[in-house]
Amino acid sequence: MFTHSAQYYDAIYLNQGKDYKAEAGKVDALIGQYKQAAGNSLLDVACGTGLHLLHLREKYQVEGLDLDEKMLAVAREKLPGILFHHASMVDFRLENTFDAITCLFGSIGYVKTLPRLEQSVANMTCHLQQGGVLIVEPWISPENWTPGKTYAQLVDQPELKIARMSISGGKGRQSIVDFHYLVATSEGIEHFTERHELGLFTDEEYTDAFRKAGLETIHDPVGFTGRGLYIGKKGSS
């Protein structure tokens, strides 16, 4: 995952214009619309460096969970006092349950396969209070994935320069993104690569995973960036 680039993750995505505050605001509005549970606890699964939690903590008792220790280290430094868990979304086990659970920015794609998608949704549902809400932002759908596309991002700060280039690939129902980073700081220039492999799932597969988990499902086809959102309501009785 982003093990090598975790310390540069925020600089790259904030430079691209990703609006974590606005996205957190939409999450809050959806929770307010659909949640029937009385509490305000929230778990962000695949929380990354914690930028959504930075804003959600203003209204919720938040915790975070991620499989990447380097990302969690950045999140813990940013949000001292917040509890973070090192675990996989597929099989994490926590003692407490939550009124809302989020899994954003396409991170659900890292489960790779349909059985693991269904297992992850079921696992997150098990950690929901009755009347709670699960919000998942999907990864790119199979029909919208184009192998061979190239991308480039540039960060130009006074003491940090980053050029990140990538090319999309794929094999079957898995997307592959190979990232190449060129990073310049006062300590020198380094180059490193990362390979990311994510499963490609259809709308029907996401919806079916929610249904199998026992959730009443609402599909927002737009979401934050056009990829949509899946909102699952856990029955209050």
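Is C126 buried or exposed? C126 counts as exposed, with a relative accessibility of 55%. The model described here is predicted.

**Cysteines**

- The model holds zero disulfides, where a disulfide would need two cysteine sulfur atoms within 2.5 Å.
- C47 counts as buried, at 7% relative accessibility, whereas C126 counts as exposed.

**Helix α1**

- Helix α1 spans residues 6-15.
- Seven of its ten residues are buried, so helix α1 is largely enclosed by the rest of the structure.
- The buried residues of α1 include the tyrosines Y8, Y9 and Y13, together with A6, D10, A11 and I12.
- An α-helix has 3.6 residues a turn, so residues three or four places apart point the same way.
- After α1 comes G17, which has a positive phi, near 95 degrees.

**Strands β8 and β9**

- Strand β8 covers residues 174-185 and strand β9 covers residues 188-199.
- The two strands run antiparallel and are joined by twelve bridges.
- β8 and β9 make a hairpin, with two residues between them.
- T185 has G188 in β9 as its bridge partner.
- In a regular strand, side chains alternate between the two faces of the sheet.

Conventions: Residues numbered from 1 in each chain as written. Predicted model: local features only at pLDDT ≥ 70, side-chain atom pairs only at ≥ 80, totals over all residues. Heavy atoms only, no water. Buried < 20%, exposed > 50% of the residue type's maximum accessible area, 1.4 Å probe, protein only. Pairing = 2+ DSSP bridges. Helix = DSSP H or I, 4+ residues; strand = E, 2+ residues; numbered from the N terminus.
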